[in-house]
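Hi there,

Here is the structure I promised to pass on to you. Have a look at it first, and then read on for my notes.

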Amino acid sequence: MVYQFRIFSDEIDLFERIIEIDSDALFSDFHQAILDSVKYKNDDVTSFFLCDDRWEKELEITLLEMALNPEEDTWVMDKTRLSELVEDEGQRLQYMFDSINERALYIELEEIRSGHLAKAKCVDASGEAPVQHIEEDFDKTIQAILKGEQTGAGGFDLDGDFYGDSEYDQDEFDLQGFNDDFSDDF
(Lines give C-alpha, C1' and ligand atoms only; values in the text may rest on other atoms or scores of the structure.)
Protein backbone atom coordinates (compact mmCIF):
# COMPACT_ATOMS: atom_id res chain seq x y z
CA MET A 1 0.00 0.00 0.00
CA VAL A 2 1.05 3.58 -0.60
CA TYR A 3 0.38 6.22 2.02
CA GLN A 4 -0.01 9.87 1.03
CA PHE A 5 0.63 12.23 3.92
CA ARG A 6 -0.06 15.98 4.04
CA ILE A 7 2.32 17.90 6.28
CA PHE A 8 1.67 21.43 7.51
CA SER A 9 2.72 23.84 10.23
CA ASP A 10 1.01 26.03 12.79
CA GLU A 11 3.82 28.58 12.36
CA ILE A 12 3.59 29.26 8.61
CA ASP A 13 0.22 29.25 6.88
CA LEU A 14 1.41 28.65 3.32
CA PHE A 15 3.76 25.78 4.18
CA GLU A 16 2.70 22.33 2.97
CA ARG A 17 4.39 19.13 1.87
CA ILE A 18 2.81 16.02 0.37
CA ILE A 19 4.87 12.89 0.89
CA GLU A 20 4.12 9.49 -0.55
CA ILE A 21 5.69 6.48 1.12
CA ASP A 22 5.19 2.73 1.19
CA SER A 23 3.15 1.51 4.15
CA ASP A 24 5.87 -1.06 4.93
CA ALA A 25 8.54 1.64 5.22
CA LEU A 26 10.03 2.38 8.60
CA PHE A 27 9.27 5.53 10.55
CA SER A 28 12.99 6.33 10.12
CA ASP A 29 12.41 6.40 6.33
CA PHE A 30 9.51 8.79 6.83
CA HIS A 31 11.67 10.89 9.17
CA GLN A 32 14.36 11.16 6.47
CA ALA A 33 11.79 12.02 3.78
CA ILE A 34 10.48 14.87 5.95
CA LEU A 35 13.99 16.17 6.63
CA ASP A 36 14.78 16.09 2.91
CA SER A 37 11.54 17.88 2.00
CA VAL A 38 12.16 20.76 4.42
CA LYS A 39 15.98 20.77 4.09
CA TYR A 40 16.60 20.27 7.81
CA LYS A 41 19.84 18.86 9.16
CA ASN A 42 19.64 15.44 10.76
CA ASP A 43 21.19 16.63 14.01
CA ASP A 44 18.29 16.71 16.49
CA VAL A 45 16.45 14.21 18.59
CA THR A 46 13.04 13.95 16.97
CA SER A 47 9.87 11.99 17.62
CA PHE A 48 6.63 11.13 15.94
CA PHE A 49 3.46 11.14 18.00
CA LEU A 50 0.22 9.45 17.04
CA CYS A 51 -2.54 11.92 17.81
CA ASP A 52 -6.26 11.88 18.40
CA ASP A 53 -8.77 13.97 16.44
CA ARG A 54 -7.89 17.08 18.50
CA TRP A 55 -4.13 16.69 17.85
CA GLU A 56 -3.52 15.52 21.41
CA LYS A 57 -0.38 13.37 21.60
CA GLU A 58 -0.92 9.71 22.40
CA LEU A 59 1.81 7.24 21.40
CA GLU A 60 5.44 8.32 20.84
CA ILE A 61 7.80 6.83 18.26
CA THR A 62 11.34 7.94 19.12
CA LEU A 63 14.43 8.33 17.01
CA LEU A 64 16.56 6.69 19.69
CA GLU A 65 15.83 3.92 22.18
CA MET A 66 15.00 5.72 25.43
CA ALA A 67 13.13 3.16 27.50
CA LEU A 68 14.07 3.18 31.14
CA ASN A 69 11.77 0.30 32.02
CA PRO A 70 12.42 -2.88 29.97
CA GLU A 71 8.85 -4.08 30.60
CA GLU A 72 7.41 -0.96 29.01
CA ASP A 73 6.53 -1.05 25.30
CA THR A 74 8.59 1.41 23.31
CA TRP A 75 8.46 2.32 19.66
CA VAL A 76 11.66 3.27 17.85
CA MET A 77 11.71 4.68 14.32
CA ASP A 78 14.21 2.26 12.82
CA LYS A 79 12.31 -0.78 14.18
CA THR A 80 8.71 0.28 13.53
CA ARG A 81 6.89 0.09 10.20
CA LEU A 82 4.30 2.73 9.38
CA SER A 83 1.66 0.03 8.82
CA GLU A 84 2.08 -1.20 12.42
CA LEU A 85 0.65 2.03 13.84
CA VAL A 86 -0.96 3.97 10.99
CA GLU A 87 -3.90 2.23 9.35
CA ASP A 88 -6.71 4.66 8.55
CA GLU A 89 -7.14 7.66 6.31
CA GLY A 90 -7.45 10.75 8.46
CA GLN A 91 -4.94 9.42 11.03
CA ARG A 92 -3.08 12.33 12.61
CA LEU A 93 0.51 12.55 13.73
CA GLN A 94 2.90 15.17 14.97
CA TYR A 95 6.56 15.26 13.99
CA MET A 96 8.39 16.96 16.86
CA PHE A 97 11.50 18.44 15.20
CA ASP A 98 12.43 20.86 18.00
CA SER A 99 11.77 19.18 21.31
CA ILE A 100 13.43 21.92 23.36
CA ASN A 101 10.91 24.50 22.15
CA GLU A 102 8.14 21.93 21.53
CA ARG A 103 7.80 22.77 17.85
CA ALA A 104 6.23 20.27 15.50
CA LEU A 105 4.94 19.67 12.03
CA TYR A 106 1.42 18.28 11.75
CA ILE A 107 0.76 15.27 9.56
CA GLU A 108 -2.45 13.74 8.27
CA LEU A 109 -2.81 10.55 6.28
CA GLU A 110 -4.84 11.77 3.31
CA GLU A 111 -4.97 8.71 1.10
CA ILE A 112 -4.20 5.00 1.07
CA ARG A 113 -3.97 3.35 -2.33
CA SER A 114 -2.73 0.06 -3.67
CA GLY A 115 0.77 -0.16 -5.00
CA HIS A 116 4.35 -0.15 -3.83
CA LEU A 117 7.03 2.54 -3.58
CA ALA A 118 10.70 1.64 -3.32
CA LYS A 119 11.52 5.02 -1.77
CA ALA A 120 9.55 7.85 -0.19
CA LYS A 121 9.10 10.95 -2.31
CA CYS A 122 7.83 14.47 -1.83
CA VAL A 123 5.26 14.96 -4.60
CA ASP A 124 4.24 18.53 -3.74
CA ALA A 125 5.98 21.29 -1.84
CA SER A 126 4.70 24.79 -1.23
CA GLY A 127 5.87 27.54 1.05
CA GLU A 128 8.97 27.94 3.14
CA ALA A 129 9.44 25.48 5.98
CA PRO A 130 9.67 26.84 9.51
CA VAL A 131 13.27 27.39 10.55
CA GLN A 132 14.67 24.30 12.20
CA HIS A 133 16.15 26.13 15.17
CA ILE A 134 14.65 29.29 16.62
CA GLU A 135 18.17 30.58 17.29
CA GLU A 136 18.82 30.49 13.53
CA ASP A 137 15.79 32.72 12.93
CA PHE A 138 16.88 35.09 15.70
CA ASP A 139 20.43 35.24 14.31
CA LYS A 140 19.12 35.99 10.81
CA THR A 141 16.87 38.74 12.20
CA ILE A 142 19.75 40.36 14.10
CA GLN A 143 21.97 40.22 11.01
CA ALA A 144 19.22 41.87 8.94
CA ILE A 145 18.80 44.62 11.55
CA LEU A 146 22.54 45.27 11.61
CA LYS A 147 22.55 45.53 7.81
CA GLY A 148 19.58 47.92 7.92
CA GLU A 149 17.32 45.52 6.04
CA GLN A 150 13.61 45.08 6.58
CA THR A 151 13.10 41.84 8.48
CA GLY A 152 9.59 40.99 7.30
CA ALA A 153 6.89 39.13 9.19
CA GLY A 154 7.88 37.87 12.60
CA GLY A 155 11.06 39.95 12.72
CA PHE A 156 11.90 43.11 14.56
CA ASP A 157 11.24 46.34 12.76
CA LEU A 158 13.34 48.84 14.66
CA ASP A 159 13.69 52.37 13.45
CA GLY A 160 16.11 55.03 14.62
CA ASP A 161 13.79 56.17 17.43
CA PHE A 162 13.86 52.78 19.15
CA TYR A 163 17.02 53.58 21.12
CA GLY A 164 16.01 57.14 21.97
CA ASP A 165 18.20 60.20 21.80
CA SER A 166 21.69 59.31 20.60
CA GLU A 167 23.33 62.20 22.45
CA TYR A 168 24.48 61.48 25.96
CA ASP A 169 24.79 64.31 28.47
CA GLN A 170 26.54 63.31 31.70
CA ASP A 171 25.14 66.40 33.47
CA GLU A 172 21.64 64.89 33.19
CA PHE A 173 22.52 62.24 35.78
CA ASP A 174 23.86 62.34 39.32
CA LEU A 175 26.74 60.10 40.44
CA GLN A 176 24.39 57.26 41.37
CA GLY A 177 22.80 57.26 37.93
CA PHE A 178 19.55 58.98 38.89
CA ASN A 179 18.30 62.15 37.35
CA ASP A 180 18.66 65.06 39.82
CA ASP A 181 15.03 66.07 39.32
CA PHE A 182 13.84 62.59 40.10
CA SER A 183 16.00 62.09 43.21
CA ASP A 184 14.05 64.83 45.10
CA ASP A 185 11.05 62.47 45.21
CA PHE A 186 12.82 60.06 47.59
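Which backbone oxygen does the side chain of Thr80 reach? The backbone oxygen of Val76, at 2.8 Å. That is a polar contact, meaning a pair of N or O atoms within 3.5 Å; within protein, one must be able to donate a hydrogen and the other to accept it, and residues adjacent in sequence count only if both atoms are side-chain atoms.

Before going further, a word on the background. This is a predicted model, where local features need pLDDT of at least 70 and side-chain atom pairs count only at pLDDT 80 or more, while totals for chains, interfaces and linings use all residues. Residues are numbered from 1 along each chain as its sequence is written, and side-chain values use heavy atoms, with hydrogens and water left out.

Back to Thr80: you will find this residue in the loop between β4 (57–62) and α2 (82–85). Helices (H or I, at least four residues) and strands (E, at least two) are DSSP runs, numbered from the N terminus. Thr80 has 2% relative accessibility, so it counts as buried (under 20% relative accessible area; exposed is over 50% and partly exposed in between, with a 1.4 Å probe and protein chains only). Leaving out residues up to four places away in sequence, Thr80 touches Ala25, Leu26, Phe27, Trp75 and Leu85, where contact means heavy atoms within 4.5 Å.

Another loop residue is Asp44, between α1 and β3 (47–51). Asp44 is partly exposed at 22%. Its C-alpha atom is separated by 8.5 Å from that of Ser99, 55 residues apart along the chain. With residues up to four places away in sequence not counted, Asp44 touches Leu63, Phe97, Gln132 and His133.

Next, the second largest pocket. A pocket is an open set of points on a 1 Å grid over the protein atoms alone, where a 1.4 Å probe fits, with protein on both sides within 12 Å along at least five of seven lines; lining residues have an atom within 4 Å of a point. The lining has 15 residues, and Asp29, Ala33, Lys119, Ala120 and Lys121 lie nearest the centre. Two or more residues each come from β2 (16–22), α1 (27–38) and β7 (121–126), with α1 giving the most, five residues.

Finally, the cysteines: Cys51 is buried at 6%, whereas Cys122 is partly exposed at 35%. The count of disulfides (pairs of cysteine sulfur atoms within 2.5 Å) comes to zero.

Enjoy exploring!

Best wishes
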